[in-house]
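Here are my notes for a first look at this model. Please read them with the structure open.

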Amino acid sequence: MRRVRHASTGGPLFLEETPVPRPGPGELLVRCEAVGVTLPVVRKVTEAAEPVPLGGEIAGEVVAAGEGVTRFRTGERVTGLCFGHGYADFALLHETMASPIPDDATAVDAVALVRSGLVALGALTAARPEPGEAALITAAASGVGHLAVQLARARGAARVVGAVSDPEKAAFVRSLGADEVIAYGDASWGEPVDYALDAVGGDLLTPALAALAPGGRLVAYSSGGGTIRAYDLLVGAKSVTGFQMARIARGEPELYERWRQELWRLFADGALRPAVHGEFALEDAAEAHAAIESRANLGKVVLRP
């Protein structure tokens with residue numbers, strides 16, 4: 001089978017031929033039909049001290065199951081988070097990280113919706129939204145952000161503001177249901193909001209925090225870091241919460257499954273529409289990474305083995 005690797009930090013991605021892996025206890029062997037490309041994986045290539053497996057969201061057909069697997073059978077379609085080599089024709093997926101793909105959804109729908117949707121829904125839940133509140137979503141055109149805009153509306157937000165790196169993304173974000181779209185460099189971010197979901201971090205934390213009304217809540221789920229002054233929290237009685245999907249996936253599987261079911265329900269109802277920026281062949285994985293790095297994507301970037 002084919003899989004994508006890199007041999008050095010920041011080094012080029014390349015295809016190699018390797019034997020099809022065998023599923024171990026509790027694992028599924030999945031013939032990959034779609035693989036999601038995310039910023040954290042892109043950063044592993046550019047920043048990790050040593051080459052690492054390129055994992056992430058995968059979707060496809062179960063072709064074999066390891067010892068002890070009880071939830072899935074050969075021939076079923078599944079999606080989930082692969083911690084090993086996921087940029088490949090075949091990948092191993094632990095059954096606890098897998099969920100079935102509904103009959104009316106494609107593999108591309110699955111990788112565009114489930115993992116990114118879980119992050120968006122988890123961050124939104126951490127913000128404790130109340131009906132009628134105003135929401136701010138940074139990176140609103142991204143794979144996670146474009147779903148967060150729709151989820152905020154579905155959870156009852158009366159006003160949704162999308163923040164983007166490029167004003168040319170405004171029409172796309174408005175098509176998702178955003179009432180307003182601002183660019184990061186704008187002098188004013190408009191009227192204050194009750195909560196903000198920040199996927200960018202770094203220098204953007206300051207204006208995102210400033211956009212909150214007194215008592216507002218900011219949820220940071222970016223790996224971009226950044227610093228917040230305690231005084232900026234005190235003066236407006238504001239709060240900041242960090243959210244990490246991995247903690248929920250590993251420590252609260254029942255909650256993880258409820259959120260997955262909610263995403264598929266919203267998808268079936270037409271309230272959640274995953275958007276795909278582009279589909280790339282495995283051999284074009286470097287182009288897919290470039291689309292993420294350039295921040296040019298509108299929605300999800302997907303590999304098609």
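1. Start with the lining of the largest pocket. By class, that lining has 23 nonpolar, 15 polar and nine charged residues. Keep in mind that this is a predicted model. The lining has 47 residues. Those nearest the pocket centre are Thr38, Leu39, Pro40, Tyr221 and Ser223. The volume of the largest pocket is about 1,300 Å³.

2. Which elements give two or more residues to the lining of the largest pocket? Three are helices: H1 (39–47), H2 (107–126) and H7. The strands are E4 (56–65), E5 (77–82) and E15 (300–304). H1 gives the most, with six residues.

3. H1 also has a buried side to its story. Val41, Val42, Arg43 and Val45 of H1 are buried. Note the arginine in that list. What covers the buried residues of H1? The cover includes strands E1 (2–6), E2 (13–17) and E3 (27–37). Helix H9 (285–293) is also included.

4. Next, the nonpolar cores. The largest nonpolar core holds 86 residues. Tyr87, Leu197, Phe243 and Leu303 touch the most other members. H2 supplies the largest share of this core, 13 residues. H2 is also among the elements that line the largest pocket with two or more residues. A second core is separate and has 15 residues. Its members include Ala134, Ala196, Leu205 and Ala211.

5. Now the aromatic rings. The count comes to two aromatic pairs. One is formed by Phe243 and Trp259, and this pair is tilted. The ring centres are 6.4 Å apart, with 55 degrees between the planes. Where do the two partners lie? Phe243 is in the loop between strand E13 (239–242) and helix H7 (245–251), and Trp259 is in helix H8 (residues 253–269), so the pair ties together parts that are 16 residues apart in sequence. Phe243 is buried, because its relative accessible area of 12% is under the 20% cut-off. Trp259 is buried too, at 7%.

6. Trp264 is buried, with a relative accessible area of 10%. Phe267 is buried as well, at 17%.

7. Two backbone angles deserve a look. Arg128 is not a glycine, yet its phi is positive, about 55 degrees. Arg128 is in the loop between H2 and strand E8 (134–138). Is Arg128 buried or partly exposed? Its relative accessibility is 48%, so Arg128 counts as partly exposed.

8. Ala139 is the other case. Its phi is near 50 degrees, again a positive value in a residue other than glycine. Ala139 lies in the loop between E8 and helix H3 (145–154). Ala139 is buried, with a relative accessible area of 15%.

Key
Residues numbered from 1 in each chain as written. Predicted model: local features only at pLDDT ≥ 70, side-chain atom pairs only at ≥ 80, totals over all residues. Heavy atoms only, no water. Phe/Tyr/Trp six-rings, centres within 6.5 Å; stacked < 30°, edge-to-face > 60°. Helix = DSSP H or I, 4+ residues; strand = E, 2+ residues; numbered from the N terminus. Buried < 20%, exposed > 50% of the residue type's maximum accessible area, 1.4 Å probe, protein only. 1 Å grid on protein atoms, 1.4 Å probe; cavity = no way out; pocket = protein on both sides within 12 Å on 5 of 7 lines; lining within 4 Å. Points joined across faces, edges and corners; volume = space filled by probe spheres on them. Nonpolar A, V, L, I, M, F, W, Y, C, P; charged D, E, K, R; others polar. Contact = heavy atoms within 4.5 Å. Core = buried A, V, L, I, M, F, W, Y, C linked by side-chain atoms within 4.5 Å.
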